[in-house]
Amino acid sequence: MVRLHFGACVFDAKSRELLRDGARQDLSPKAFQLLELLLKARPRAVTKHEIHEQLWPDAFVSDSSLPRLAAEVRAAMGDDAKKPRLLRTVHRFGYAFFGAAAAETPEGTPPPTPFRLVWGERQIPLLSGENVLGRSAEARVPLDLKRVSRHHARIVVGDGRAVLEDLGSKNGTFVRGRLIRGPAELADGDEICIGPLVLVFLSSSSASTTETGTAT
């Protein structure tokens, strides 16, 4: 594990850096060590006892030390303790990193994945890490329509799964006809509605290409 992409973040174990939206985040050594431990163990939940043994061997620390480190890590990643997308608190047990994470290729670009979106006759491959959908020209999946926000939604690919999240869009994002209010793991053949558009999520195991139309 050298460089991992998850959400808007890049974790670099070699340079001991955490980047979010390209900006370096200041993490204390213990907070960085906690994040590294949880990333290595993902998606397994790590017990408080195991974390204490790794971070503070043969030392006594107060019960508030670990929650403070977890809060520091969440703040650096832009995660919310009340609605976590990356770091989950397992009450009376420990912590788990449950977000989708993908390793970077040696060339420095996210590797391709078996996942793609189908929009009419177009097929759009999804890369490991974050794939933004929206009207922005920089979006991985550009959708230049009025009812689509500039940064409407994103699909985060990693650990063999793809997770869709709405990015606070005005008109919302729908999967299988339902408005999503948090991270939604995608399954082969799922229809994603963004404004008037219908896109179909497919994996390489799909037997044939599925065409989509315009939402009514």
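In this predicted model, Asn 131 is in contact with Leu 126, Arg 140, Ala 153, Arg 154, Ile 155 and Val 157, once its neighbours within four places in sequence are left aside. Asn 131 belongs to strand β11, which covers residues 129-134, and it counts as buried because its relative accessible area is 0%, where the cut-off for that word is under 20%.

**Polar contacts of Asn 131**

- The side chain of Asn 131 reaches the backbone oxygen of Leu 127 at a distance of 2.8 Å.
- A polar atom of the side chain of Asn 131 also lies 3.4 Å from the backbone oxygen of Gly 129.

**The largest nonpolar core**

- In soluble globular proteins, nonpolar side chains tend to be buried together.
- The largest nonpolar core in this model has 31 residues, and the members that touch the most other members are Phe 6, Phe 11, Leu 18, Leu 35, Met 77 and Phe 97.
- Two or more residues of this core come from each of the strands β1 (3-6), β2 (9-12) and β7 (94-97), and likewise from each of the helices α1 (29-41), α2 (48-55) and α3 (65-77).
- Helix α1 provides the largest share of this core, namely eight residues.

**Leu 18 and its surroundings**

- Not counting residues up to four places away in sequence, Leu 18 touches a set of residues that includes Phe 6, Phe 11, Phe 32, Leu 35 and Met 77, and also Arg 24 and Gln 25.

**A separate core**

Key. Residues are numbered from 1 along each chain as its sequence is written. This is a predicted model: local features need pLDDT of at least 70, side-chain atom pairs count only at pLDDT 80 or more; totals for chains, interfaces and linings use all residues. Side-chain values use heavy atoms; hydrogens and water are left out. Helices (H or I, at least four residues) and strands (E, at least two) are DSSP runs, numbered from the N terminus. Buried means under 20% relative accessible area, exposed over 50%, partly exposed in between (1.4 Å probe, protein chains only). A polar contact is a pair of N or O atoms within 3.5 Å; within protein, one must be able to donate a hydrogen and the other to accept it, and residues adjacent in sequence count only if both atoms are side-chain atoms. Contact means heavy atoms within 4.5 Å. A nonpolar core is a set of buried Ala, Val, Leu, Ile, Met, Phe, Trp, Tyr and Cys residues joined through side-chain atoms within 4.5 Å.
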